[in-house]
Amino acid sequence: MVNRTLAQADSQIAQILAKETERQEKTLMLIPSENYASRAVMAACGSVFTNKYAEGYPGKRYYNGCQYYDELEQVAIDRAKALFKCDHANVQLHTGSQANMAAYYAMLKPGDKIMAMSVAQGGHLTHGASVNFSGQMYESHFYGLDPDTDQLNYEQIRQMAMEVRPRLVICGASAYPRVIDFRIFKDIADECGAYLMADIAHICGLVAAEVHPTPVPFSDIVTSTTHKTLRGPRGALMLCKEQWAGKVDRAVFPGVQAGPLMHIVAGKAVAFKEAGEFGFREYQRQIVRNAHALAKTLLDEGFTLVTGGTDNHLLLVDLRNKGITGAEAADRMEVAGMVVNKNLIPNDPTPPAVTSGIRPGTPGLTTRGMKEPEMALVGRWIARVIHEGKSNPQVLDKVRGEVEELCAAFPIYLDL
Ligand SMILES: *Cc1c(COP(=O)(O)O)cnc(C)c1O
């Protein structure tokens, strides 16, 4: 049984996999939190490393037979430390949410005050939202964006921090198109006597490539996913200063996790190596250039962008002047082969299942090798679908055909 191929062992799953592979090849990935992992990353993840328990850390395992897991994890840790220039890295986190859970577990007691950006303004569920463990375990307070600029207003955040006196200030977001000034957040945290955590899940690749300033020198703990701009396997990591190393490691294991996914740790190690190579820096720069190009085309087509543009890999499009909700726009774009997600805009009058915005991003298209001319095409297709798609549904088929042609010219994986 263990020697059969997937197609031999389970044709049903093999068929679903084939359909998903085709979907990925023939559509444009515009969701900014997604990317295409390399073949090398996927090979490491789909390997015999999935077969072993390795609870504990290199040299301190609770299972026998871990010598190569010690070697593997140490390589992953050393690469993460070199890439992000930090004292300590934990590479065992299964997801970004678990990384945040472990970070809180390392720094806080239940009931402690935390202060973060609200989900409605671009923050993440795990930053204290009431429907999430973080909002139930801790007393959460939220800062938002400046109503005039839709950007972080550090003076307002400072004032709020001095009133609230949180134990932890959290910075980092899921839908913020501008640079985050981690140095000012550090000043604010110091002034109100709080720890600082930076969650760089979205911008991790930009940070690794020094295309966005790093939070590492300023933060007690940095958490991140590994599968967004970093382009590694689905998973997460934590970075910290030496003084937090023991607490961080104990918070991850045995605090919130037992056996690590060592095949995914292998994939992370490969991704950290790729992220240290010269081409990765150019890739991250191109992501930002592509986001600028997409922003320009959308502005030319009469769209409103929250903050007027972008500094990073994503745009937040305010659709209120177009007479369409985010949900409708995203569904219509999907019919035309462009997969994007709806997103709340600041002070959105509609609920999260509807929204007034979409959040297109460029990491996936950039991985395929697309550059500014292709972004102009994509921007014009988005405009056609949103402007004409309702009165003239054939437009959606027409655009879908053109999208598929572009996809064929920029294959993701060359030999499927
Ligand atoms: C994506 C994201 C996470 C959570 O990652 P999961 O792996 O989906 O749990 C956490 N924080 C931020 C800011 C994110 O964007």
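A polar contact is a pair of N or O atoms within 3.5 Å; within protein, one must be able to donate a hydrogen and the other to accept it, and residues adjacent in sequence count only if both atoms are side-chain atoms.

## Model and conventions

This is a predicted model, in which local features need pLDDT of at least 70 and side-chain atom pairs count only at pLDDT 80 or more, while totals for chains, interfaces and linings use all residues. Residues are numbered from 1 along each chain as its sequence is written, and side-chain values use heavy atoms, with hydrogens and water left out.

## Ligand site

The ligand is surrounded by 13 residues, with G96, S97, S174, D199 and K228 the closest; a residue counts as near if one of its heavy atoms lies within 4 Å. By class, this shell holds 2 nonpolar, 9 polar and 2 charged residues. Ala, Val, Leu, Ile, Met, Phe, Trp, Tyr, Cys and Pro count as nonpolar, Asp, Glu, Lys and Arg as charged, and the others, Gly among them, as polar. Helix 5 (residues 96-107) gives the largest share of the shell, 3 residues; helices are DSSP runs of H or I with at least four residues, strands are E runs of at least two, and both are numbered from the N terminus.

A nitrogen atom of the ligand lies 2.5 Å from a side-chain N or O atom of D199. Ligand oxygen atoms are found 2.8 Å from a side-chain N or O atom of S174 and 2.8 Å from one of K228. Of the 380 Å² of accessible area that the ligand has on its own, the protein covers 85% (Shrake-Rupley method, 1.4 Å probe).

## Helix 5 and helix 10

The axes of helix 5 and helix 10 (residues 245-256) come within 8 Å and cross at roughly 115 degrees. Axes are lines fitted to C-alpha atoms over the stretch in contact, with angles from 0 to 180 degrees between N-to-C directions. On the helix 5 side the contact (heavy atoms within 4.5 Å) involves Q98, M101, A102, Y105 and A106, and on the helix 10 side K247, V248, A251, V252, G255 and V256. These residues divide into 8 nonpolar, 2 polar and 1 charged.

## Backbone features

P254 is placed in helix 10, and the peptide bond from F253 to P254 is cis, with omega near 5 degrees.
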